[in-house]
Every structure is written in structure tokens, then in C-alpha cells.
Amino acid sequence: MSFLAPLFLAGAAAIVLPILFHLIRKTTHEKTIFSSLMFLLPTPPKVTRRSRLDQILLLLLRCAVLCLLAVGFARPYLVRPSAAATPRGPGKKVIVLVDTSASMRRENLWPQARERATEVFQALGPADEAGLIGFDDSPKQILAIEEWRRAAIPERRALALARLETLSPSWRGTHLGSALLAAVDALEEVGLAGTPRPTLEVRREIVLITDLQQGSRLDGLQGFEWPKGLTVRVEALKVRRPSNAAIQLVEARDETAAADATRRIRVINSSDSKKEQFKLTWVGATNAPVETYVPPGQSRMLQFPPAISAHGQLALIGDDEDFDNHLYWAGTPQAQINVAYFGSEAENDTARPLFYLKRGFQQTARQSVQITNVTSAPLCFISDTADATQLTNPTIVLVMKSAAAATTISKLLNLPQLSCEEATDQKYSLLGDIDFTHPLFKPFADPRFSDFTKIHFWKHRRLDAQQIPNARVLARFDQGDPALIEVPIAPGEGTRPTGRAGRLLILTSGWHPADSQLALSSKFVPLLYSLLEYSSIQRPLHLQFEVGETLPAEIQNGELKIKNSEGVEIATDKATDAPGIYAAGALPFAVNLGGLESKTAPMAIDELQQLGVPIGASSRAQTISRAREQKFQAAEAENQQKLWRWLILGALAFLLAETFLAGRVTARASATSP
Amino acid sequence: MAIKNLELRARIVVEGFWKGIHRSPYHGFSVEFSEYRQYTPGDDPRYLDWRLYARSDRYYIKKFEDETNLRCFLLVDNSRSMTYGSLAWTKAQYAHTLAATLAYFLNRQGDAVGLLTFDEIIREYLPARNRPGHLRQLMLLLEKPAAGAGTDINAALNRIVDVVRRRGLVVLISDLLTPLESLEKNLRALAASGHDIILFRVLDPSELKFTFDKASLFEDVESRRGLYIDPEAARRDYLKRFDAHNAAVQTIADKIGASYSQLGTERPLETALFDFLRARMERRKRSRRSGAIVTRGE
């Protein structure tokens, strides 16, 4: 028997009262007037000296009435084995998705996560099937559902827990979107490959164990159609001390800054942070730390003097979490690039192309372009009059300042004299048809940058591209004349020595003011750099990487041995698994934590719901709803049985008996008393 | 107490007593010789004992007791606690009869009798006189019912000290159911003024024995305070504390040389009167004895 309101059973304690009343000597409410109470002390009601109860039957009746009332009010009901209590049908399929990103290194998040995952596995029944996926910036299948199914039933749980033990938080970012999709895939595949279950729909569930940080990437979820019958249960983990600040290097890719310029550091404070004062210092430097004030949810820029050595480690002091408090920095050495220019021009003549070319290649912290007349330079520019016979440069750009430059083309390509004339029919021309698929123009392919119509070409030379075999027109003027022609030069062709291929780019106009506005336009410098890149000149190496970023081929070429900050040699594919300063050969490079990972404030689950994720109740909410359901069932059972009526009836019967008996006792007492 | 008239009641008591007193060994309340004292200039020559002068050729003053000029003050407690009585009469009725009896008795002797009734304040005051009609006035005052909620004997005693300059007799009739802290001090002040003090403590038999048997709510007649009392359990403690209080009163009376008698209201009033007279006699003897010593010393 169970009770709907068991608190009322406490009312049964009231049976103490009749027992006490039976023990206490009968007192009266009579008053006695007395002259003075000065010699009297109050005497408490006295319990009968004989520890024997009078009128046992009366007492028992009274106690019984009270007990029946108490039990009746507690609303008893008889428990029947309910049908809902026993699980029916096939088990559910569960994918446990455990966040192993760097933010899980905070406080005790990882032990919490393991505990929750263990709880999930422990709660599974023998018919249930489960898999385990760990994810950071990419999902990793730790335990496939197939493996679970293959394992013997008693060993399945141990297998899952053993696989769980192999997981640990990495230093990578969080890509929650791809992880959820991977989990859906894992469930769906099982649905296809699994044994058919014709009768009942199998429940499928993804248990997401994560800190649900704001820095989680959710791309991929938008518009995804979630399969029916699948729910995502979010077990959001929480930290007790949420204060977290991070530092990031800003403009690490800035190419205009001088080599010794100050570093711009961004200090970001998490929105749920409780602290606002932080200190920054170079690790190992003797300078006093720089103090900064960053309110929660905001960021501050700091100008920071560079490290003493070429690479260093900047540390942030003052928040609760250490995992993102270090910024590694490796200085990039300046690359020397030679570009040849052949032409009889004075350097300071503003009417000539050389003047603009020199200014187009600005000195930066990372590369220095020298304009020389070295024939071995990978890129060379020729203005019309140069002697082209000696040129062996891989990429030659011919700037046709006049129609006479056609002779140079003939010489370079070993062709007969080409016909070329000055175009004079229009006041000016614009670039009309540009081949944005070509590497040279690829940077401009985006519609934001593809507008070349603001550049007026006052003069150009009309050269028919048909005359040149293998010529490809990369850009044309609006009236159809080629503006830029590319001609590949095979080894041994023309003046070129055997074994060295190259290409010739013919610009039928010039960038100097007499010919066009090109040098003054915003396209000029990008075009020059595009040319540099196209001439396969090695770009200056960028030596700041994020964890998980693929290293460029220059570092990852297999020849350089990569060592971590302790000097231990590691495999190339592991090179960016953890933040720190690495060395590829003698070249140091820095690997830092992804910027998003420092956004540790928890995200609202609503954000997931808005993206269409079918969020189910968390384990706590499930417990509550189960308890509510049980309560409802109990109320229903009690309502059907209505045992309280019988109890109240019984109490009334006893009460009648008591009244009758008490009346008789009183009558007898008054008859015997004088 | 069946006789309603207080004066009549008093007369009956006194006359009954007169009859008995003839057989009493104590007799004679006439003008009585007290002592001889040597004459000093300024003494009234009327009191010179010429016979003694004839015999001894010395001037002596023959002193008489100031008997007829006795001033007696009856201090009657009229508080509400006096209205209690388990018999057919209350303590107050008994006390009033006693006071009336004494007044009547003294009046018949020609003494001046005064009255002061009190509860928590002084209610009535009648100076000591021996005029015709005075006794009647006194009886009327005594017949006023008790009203006061408390008892303040000290106020009454202080008033007597203040008002009565001449030596006299002070009879205090009360149940003395009050704390005794300052009673001794005030009585001592009264005794120091030369007054003779007689204490009559009027108590109901149930107060003396605590003869209750049913547990009930006991209500104080003065303060109306209630206490749940089981007499069986409380009796022993009550009697103990009551006896201690009584002993304290006795001690005080002994200290100041007052005579003290405790009167249960069941006792006949004659015995009370007898106690009064005996006290007077003892007093007289004592003072006479001390006077003789003084004389011899001179």
C-alpha cells in the first residue's frame, strides 16, 4: 500500500494525546477564591501515580479513530504493477557526443564530462545500442554502434567505458555543427544497416556532453533536415569560476609594419567573467607586467613591445583559467625578392613606368622587393626598347609603350614581324572582358573587387593575338582589342636556353599616366603582387598558426625536422596539435589556440533550437518529468480505489462506539459517586 | 457574629467578659501609684507628698500612672484579603467586631479610642477621643465594607507616627498577609515614639491549615491572579512557608517588644479580649519593674 499524501500520516502521532489525557488526573475548571497566593506555588497537572491506564477500551477506540483519520487523510492506494513501468519493444540507439575541445580543459569539466558519459552508458538497457563520438574541430568516432553490437552483451558497457578512457581534451577548437551531423550520420547508417524492426519505431538519441561555449561553430546545421524520432539531449557542463580572459595577436599578417614595430595584442574577456583586471608579460622578460582593464564581454587592444628574441611567449595573468593565457609568437624573417626591369628610364621620372613600379613594391616587414637588372630574377619587366635576346627569366612582362615593341615580341618568341598599330579611334578605352579564372586575375574574381571600369586607358596598341601561336588573351578592351596576352615559351624556343620554360605577358598599354590610370588605381599594387605570385616567387612564410591548421608545404616538405618547444622531434602531422613554439629545421614557428575557443561563456540552448536541433529534455528534466508522471499515476489509482472513504466510515463507527461507551462509563461513575 | 449590630455585639462580648473578670486574679484598674521622685524646682507643688515630707523632711513628688488618659489607636486592616472567610463570617467581620469590642471596652473605662482603617491607602481616620457619641461614630466607620485591593500596613503605621504625638496604645488588627520587609522598621519607629503595640493577626482556619482537597484554580482575592493548585501537592509547602512567615512576625514582635497574638476566626472573641488584657497587664508589670529599678538607682 502506498500513500498519496504521506505527510498526513504524521497525524497518527496525535494518538499520544488520548493516552496522555488518560494518564492525567481529571482536572476541573473550578475556581477557588483564596485570600492570598503568597504562600503558594503553581503545581503542574499531575499524572496519576499509578502507571495504569483507566478505561483501556475507550482509549483504544479513541486511538483507533485518530489512526484511521490520519491514514484516511494520507489517501492510501494499492499499487498495481503498471504497464508503463516495464519497458517494451526494442531498445533505443544512443550516440554519446563528447566535447574534447580545448575549453574542456577548464576546471573540472573533463571529469564531469566523463562522469556524465559513464552515467549514460550505465543507464542503458540490454536492448539499447550505443556509440561514442569525440569531437573538437572535427568529429572522431571512438566507438561505432557496429562494434557495440558485435560485442557480447555483458561486455558492451565495459567496452564503451574503456573507449571513453582513451579520450582526453585536445587543444583544438569546437565545431559543434559538424559533430552533430556526424552523430546523425552514425545513427542513420545504423538504421540502414541494422536488422529491420518492422513493428516499432526505434528511438534514437544523441547525448551531447559539452560546455556549450559561445565559441562553438554551428555552421552546417542551418537548413539541415533532422530525421524524425531523433532527439538531442544536451548535458551542459558548468564551471564554478567562469572568469576567463584570452590574448590574441592582431595583424599577425600585417605586411606593411616595420620589423621592430610594437605588437598589437587583443585582450578578450569572457561575458560571464567576474574579473576585470589583468596583467600581461613576456615570459622570461624582466620588464614590469603591463596592466589592463577589460570589462566582461569586451575586448581591449594593447600596443605591446616586441619580445627580446625573434620568438617569445606572452602570458596573461589574473583570470581563473589558464588554458588560453599564453600567446606564442614567432617573428617572420624578411624575404629578399629581386625583380628585373629593363629599360632606359630615370628612376625619378614620373612619366615613366619604372617610377610607379618601384613604388608599387613597398618595403614591408616580411618582404623587400629590389628592382634590378639581373637577368636571373624570376620576374622581369621590359619596356619596349630593351634588348630581349639575353632574357631567360621565367616570367617576362612586356609593357608596350609604343607599337614598335612588337619587334621585341618577335625576337622573344622567335616569330616573324608582327603587325601592330596605335589605336586612335576612341578617346579612351576600358577593360571589358577579363578572364578571372586565370591565376593573375583570380584575386579579383570576387564581385567586390572585379570592377575595373574606373581605369581609363588613354592609349593602347592594337596587336592581333591570332598572330601569336598559343597566345591566350587574359583581358580585352571594350572595343575588343587584347589588353593582356599570355604566351607560354617552351624550353629552347626563341632565345630561351634548353630546359627552362617561361611565359611572356604582353600588356598592350602602359601604367604610366601618358597611357592609362592603371598605376593610380587601387588594382595596380594587387596586380603586381599577383604577378609576383604568378611568377612562382616564394611568398614570405607566415609563421603564426592556429592549432589544427595545416602547415604550408614549405615547412611540411619532409626535409625539415619539426621539433617542439622542448626540442623533441615530432611527426609532421602532429605539429600543430598543441600550442607552443616549434622549430622546422632552424625556422621557429608559433602555434596558438584558436581565437573562438576563448569564448567560454555558455551559449543558450535556444540557439541550437533556432537552428532546428530537436532538443530533448536533459537527464535532470527527465527525472523530474518521470516523477511527475508517477505522481499522476498514483493520483489516478487513488482516485479509482477511494480507500479513504472506508477509512473515514470506520473512524465514524469507532467514534459512535466511543461515544456510547463513554456515556455508559460516565453514567456508571455518577451512579457510584455520592 | 449572628448579631448584626456591631456595637451590640461588642457590648455583649465585653459584658460577658466583665462577668468572668470578677473571678480573675487580675483586678483593679484605678488611679494607681507609680513612683516617687525627688522634687525639682518647676514641678507642680500640688503633687508633693506632704506626709513623706513630714516623715523624712525631704520633698518628694508622688507620681501616678497616666491611666485614665490612655489613648488607644485601633489600626484595622480593611483590605480585600480580609473579606475572605471559610466560616459563616469573614475575617473582616471578625476584625471589626474585635475592634469594636476593644473600643467599647476602653470607652467604658473612660479611655480615648481612635480608629484608622487602611488597605493599600489609608481609608478612614478618627482621632482618639472620649466624648459622648464618639464610640457611635467609630462603630459606623467600622461597619464600612472592605474595598481595597492591596494591603499597605506601612502607610498606616507611618501615619500614626506622624499624627499621634502623645504616647499611647496602638492595636494593629490585620491578617498580615503582606511581605514583611519594612514592617519591622515601621513598628520600631512606632515603639520608639513610646507607643505600646499590640498585634492581632486575624486568620481564617483554612488559611491556618490549608484545608482544601480539590485541585482547582486558586484566585487571589486581592490581585485576581489565578494559579492552578493541587492542594495535596501544595499543602506541605504552603504550611512550611506560612509557618516561616508567622515566625517572622513573631520575631519582629519580640524584637520591638510588642505583644502578638494570632486569632483564628473560629475562636471566641472573649479570648481575644483576654489576650489583650493580659498583654496590657504584662506590659504594666514590666514597666513598673523597670520604674522601681530606676527609683532605686536614684
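Is Arg149(A) buried, partly exposed or exposed, and at what relative accessibility? In this predicted model, Arg149(A) counts as partly exposed because its relative accessibility is 22%, and buried would require under 20%.

**Figure 1. Salt bridge between Arg149(A) and Glu129(A).** The side chains meet with an N to O distance of 2.9 Å. Arg149(A) belongs to helix α4 (residues 145–150) of chain A and Glu129(A) to strand β5 (residues 129–135) of chain A, so the pair ties together parts 20 residues apart in sequence. Glu129(A), at 7% relative accessibility, counts as buried.

**Figure 2. Salt bridge between Lys92(A) and Glu205(A).** The closest N and O atoms of this pair are 3.7 Å apart. Distant parts of the chain are linked here: Lys92(A) sits in the loop between β3 (76–77) and β4 (93–99) of chain A, while Glu205(A) is in strand β7 (residues 204–210) of chain A, 113 residues apart. Both Lys92(A) and Glu205(A) are buried. A network of salt bridges links Lys92(A) and Glu205(A) with Arg116(A), Arg233(A) and Glu235(A). Over all chains, the count of salt bridges comes to 38.

**Figure 3. Salt bridge between Asp320(A) and Arg241(A).** The closest N and O atoms are 3.9 Å apart. The pair joins two loops of chain A, 79 residues apart: Asp320(A) lies between β14 (311–317) and β15 (326–330), and Arg241(A) between β8 (230–236) and β9 (245–250). Arg241(A) counts as partly exposed, with 44% relative accessibility.

**Figure 4. Nonpolar surface patch of chain A.** Trp646(A), Leu649(A), Leu652(A) and Leu655(A) make a patch of about 440 Å². Leu649(A) is in helix α12 (residues 643–672) of chain A. For chain A as a whole, the accessible surface comes to about 34,700 Å², and 56% of that belongs to carbon and sulfur atoms. Of its 674 residues, 43% count as buried.

**Figure 5. Buried face of helix α5 (residues 153–163) of chain B.** The buried residues are Ile153(B), Asn154(B), Ala156(B), Leu157(B), Ile160(B) and Val161(B). Seen down the axis of α5(B), they fall within an arc of 165°, so they line one face of the helix. An α-helix has 3.6 residues a turn, so residues three or four places apart point the same way.

How values were computed: Residues numbered from 1 in each chain as written. Chains lettered and ligands numbered in written order. Predicted model: local features only at pLDDT ≥ 70, side-chain atom pairs only at ≥ 80, totals over all residues. Heavy atoms only, no water. Patch = residues over 30% accessible without salt bridge, like charges linked within 9 Å, V, L, I, M, F, W, Y side chains within 5 Å. Areas by Shrake-Rupley, 256 points an atom, 1.4 Å probe, with all protein chains shown as cover. Salt bridge = Lys/Arg side-chain N within 4 Å of Asp/Glu carboxyl O. Helix = DSSP H or I, 4+ residues; strand = E, 2+ residues; numbered from the N terminus. Buried < 20%, exposed > 50% of the residue type's maximum accessible area, 1.4 Å probe, protein only. Arc of directions from axis to C-beta.
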